[in-house]
Amino acid sequence: MNILYIDGHVQCYHGGFKIGKTWSATRNRVVKGRTDTWLHLPGQTPLFYLESPFNEGLVSVIEKHQRKIEEVFGGKPVLAFDREGWDMNFLDDLDQAGWKFITYRKGNYAPLSLDDFEAVETKIGNRSYAHAPVEIEKQSYNLYQTETGKNGTPVRRLVGKTQFREVRILSDDQTHQTAIVTNLKKDQADATSASAALFARWGNQENVFKYMKEEFGLDDLVEYNRSEGQGSEARRGEEQIPDEVDHPNPEYS
């Protein structure tokens with residue numbers, strides 16, 4: 001598998017410019033800042049990152065930069081990302097375009113019966129589990145379209161279904177089931193390999209973020225401005241929001 005790990009990281013801003021706000025998981029609060037989307041190869045190797053000054057979500061960033069990702073990587077990698085990328089319409093579009101992915105299932109879902117899990121010690125990555133994972137070869141998922149209903153309220157309408165492989169992993173205390181969804185075929189990655197590849201995202205990205213935050217101030221956006229003019233006439237200015245960017249109206253927010 002040619003894995004490429006993708007995750008967003010927030011750089012906090014402490015200056016005086018009025019810029020967007022976003023949720024920072026590391027600080028557990030809303031902060032002024034910018035989201036950068038990092039792409040890592042296995043082995044904790046950063047490949048490149050994409051700036052999102054208006055804090056677009058992970059789905060939007062991947063959709064917008066698919067051609068660049070393919071160009072830098074030299075082909076279509078297997079994209080591995082967390083629950084931020086859980087959007088079934090997006091995943092279905094990726095599949096239709098020939099991209100492969102591994103991600104976690106988000107939201108509430110019915111647990112499998114404990115009788116479905118075989119009590120066989122199984123090693124997934126660097127950790128051993130008391131039970132072997134269970135695979136659902138063709139799990140169905142709903143596809144929705146958001147429309148404007150009465151009084152301008154958004155309404156989700158069911159427009160179809162799609163099917164992907166789903167792997168369930170049972171915790172050793174048998175109280176939690178982790179659901180992993182992928183469109184990789186069995187001959188490309190069995191249940192154990194697909195799960196291990198996604199679990200490795202923590203070591204390949206989160207540990208790198210932790211190191212860079214401590215050693216290089218990755219969390220801190222020192223300045224946020226755009227230079228206008230040249231030489232002594234250069235000055236700081238405000239940057240207009242591009243028309244194609246969805247951005248909350250500050251008067252309403």
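Let's start at one side chain. A polar atom of the Arg-168 side chain sits 3.2 Å from the backbone oxygen of Ala-110. Keep in mind that this is a predicted model.

Stay with Arg-168. Its side chain also makes a polar contact of 3.0 Å with the side chain of Gln-177. Where is Arg-168 placed? In strand 10, which covers residues 154-170. Is Arg-168 buried or exposed? Its relative accessible area is 2%, so Arg-168 counts as buried; the cut-off is under 20%.

Now the surroundings. Set aside neighbours within four places in sequence. Arg-168 then touches several residues, among them Arg-105, Tyr-109, Pro-111, Leu-112 and Phe-117. Its contacts also include Pro-133, Val-134, Gln-139, Thr-178 and Ala-179.

Next, helix 3. This helix runs over residues 88-96. Which of its residues are buried? Met-88, Phe-90, Leu-91, Asp-92 and Leu-94. What do they pack against? Helix 1 and helix 2, plus strands 5, 6, 9 and 10. Strand 10 is where Arg-168 lies.

Look at the helix ends. Asp-87 caps the N-terminal end of helix 3. One of its side-chain oxygens is 3.1 Å from the backbone nitrogen of Asn-89. After helix 3 comes Gly-98, with a positive phi near 90°.

Finally, the whole chain. It has 253 residues, and 40% of them count as buried. Its secondary structure is five helices and 14 strands. Take contacts between residues at least 6 apart in sequence: 56% join residues at least 24 apart. The accessible surface is about 15,300 Å², and carbon and sulfur atoms account for 44% of that.

Note on methods: Residues are numbered from 1 along each chain as its sequence is written. This is a predicted model: local features need pLDDT of at least 70, side-chain atom pairs count only at pLDDT 80 or more; totals for chains, interfaces and linings use all residues. Side-chain values use heavy atoms; hydrogens and water are left out. Helices (H or I, at least four residues) and strands (E, at least two) are DSSP runs, numbered from the N terminus. Buried means under 20% relative accessible area, exposed over 50%, partly exposed in between (1.4 Å probe, protein chains only). Contact means heavy atoms within 4.5 Å. Accessible areas come from the Shrake-Rupley method with a 1.4 Å probe; for residues, only the protein chains shown count as cover. A polar contact is a pair of N or O atoms within 3.5 Å; within protein, one must be able to donate a hydrogen and the other to accept it, and residues adjacent in sequence count only if both atoms are side-chain atoms.
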